[in-house]
Amino acid sequence: MNKVRNSTFTNSRVDLDNIAYDSCKFSDCLVVYSGRGPISLSGCDFKNCTWKLEGPAQNTIMFLRLMNTSFGDFGQEMVQKIIESLNTSPFSTHVDNPRGK
């Protein structure tokens, strides 16, 4: 993973994938995560930035939206358990499908 330390970014696109940012400042940036690699943000400051998901990261959000809106109580419970599991590691969740499918 590439490392960037004590840098300032202004009015630019900043890709997060495969980069460790340490003590960096971001102002008026487009911050993009695509889910194609690990990221690290340590001691960074973000001001007036726009965050965007692309590629696999965006696909994950679309999947969660589909589960939440199209699979009734089962889908909503699954999405809720995923949200609750964000504070645990490693990620794992299980929801019984009431339809047995």
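Student: Is Y21 buried or exposed?
Tutor: This is a predicted model, and the answer rests on its relative accessibility. Buried means under 20% relative accessible area. Y21 has 4% relative accessibility, so Y21 counts as buried.

Student: What is the geometry of the ring pair Y21 and F26?
Tutor: Y21 and F26 are both buried. Their ring centres lie 5.4 Å apart. Planes over 60 degrees apart count as edge-to-face. The planes of Y21 and F26 stand at 80°, so this pair is edge-to-face.

Student: How many aromatic pairs are there, and which geometry does the pair of F9 and Y21 have?
Tutor: The count comes to 5 aromatic pairs. For F9 and Y21, the ring centres are 5.8 Å apart. Their planes are at 85°, so the class is edge-to-face.

Student: How many residues apart in sequence are the parts that F9 and Y21 tie together?
Tutor: F9 belongs to strand β2, while Y21 belongs to strand β4, which covers residues 19-22. The pair therefore ties together parts whose separation in sequence is 12 residues.

Student: In β5, which residue is the bridge partner of T10?
Tutor: β2 and β5, the latter at residues 25-27, run parallel and are joined by 3 bridges. Within β5, the partner of T10 is S27.

Student: What is the strand order in the open sheet that contains β2?
Tutor: The sheet has 3 strands, and their pairing is parallel. β2 (8-10) and β8 (45-47) each have a single partner strand, so they stand at the edges and one side of each lacks a neighbour in the sheet. On average, neighbouring strands of the sheet are turned by 5° against each other, direction ignored. The order is β2-β5-β8.

Student: Where is F63, and is F63 buried or partly exposed?
Tutor: F63 is found in helix α1, which spans residues 55-70. Its C-alpha atom is separated by 9.8 Å from that of V79, 16 residues apart along the chain. The relative accessible area of F63 is 42%, which is between the limits of 20% and 50%. F63 is therefore partly exposed.

Student: What pattern does the protein chain follow along the sequence?
Tutor: The protein chain has 2 helices and 9 strands. Read along the sequence, the elements give the pattern β-β-β-β-β-β-β-β-β-α-α.

Student: What percentage of contacts between residues at least 6 apart in sequence join residues at least 24 apart?
Tutor: Of the 101 residues in the protein chain, 25% are buried. The chain exposes about 7,100 Å², with carbon and sulfur atoms supplying 50% of that area. For the contacts asked about, the share is 6%.

How values were computed
Residues are numbered from 1 along each chain as its sequence is written. This is a predicted model: local features need pLDDT of at least 70, side-chain atom pairs count only at pLDDT 80 or more; totals for chains, interfaces and linings use all residues. Side-chain values use heavy atoms; hydrogens and water are left out. Two strands pair if DSSP finds at least two bridges between them. Helices (H or I, at least four residues) and strands (E, at least two) are DSSP runs, numbered from the N terminus. Axes are lines fitted to C-alpha atoms, for helices over the stretch in contact, and angles run from 0 to 180 degrees between N-to-C directions. Buried means under 20% relative accessible area, exposed over 50%, partly exposed in between (1.4 Å probe, protein chains only). Contact means heavy atoms within 4.5 Å. Accessible areas come from the Shrake-Rupley method with a 1.4 Å probe; for residues, only the protein chains shown count as cover. Rings of Phe, Tyr and Trp (its six-membered ring) pair if their centres lie within 6.5 Å; planes under 30 degrees apart count as stacked, over 60 as edge-to-face and the rest as tilted.
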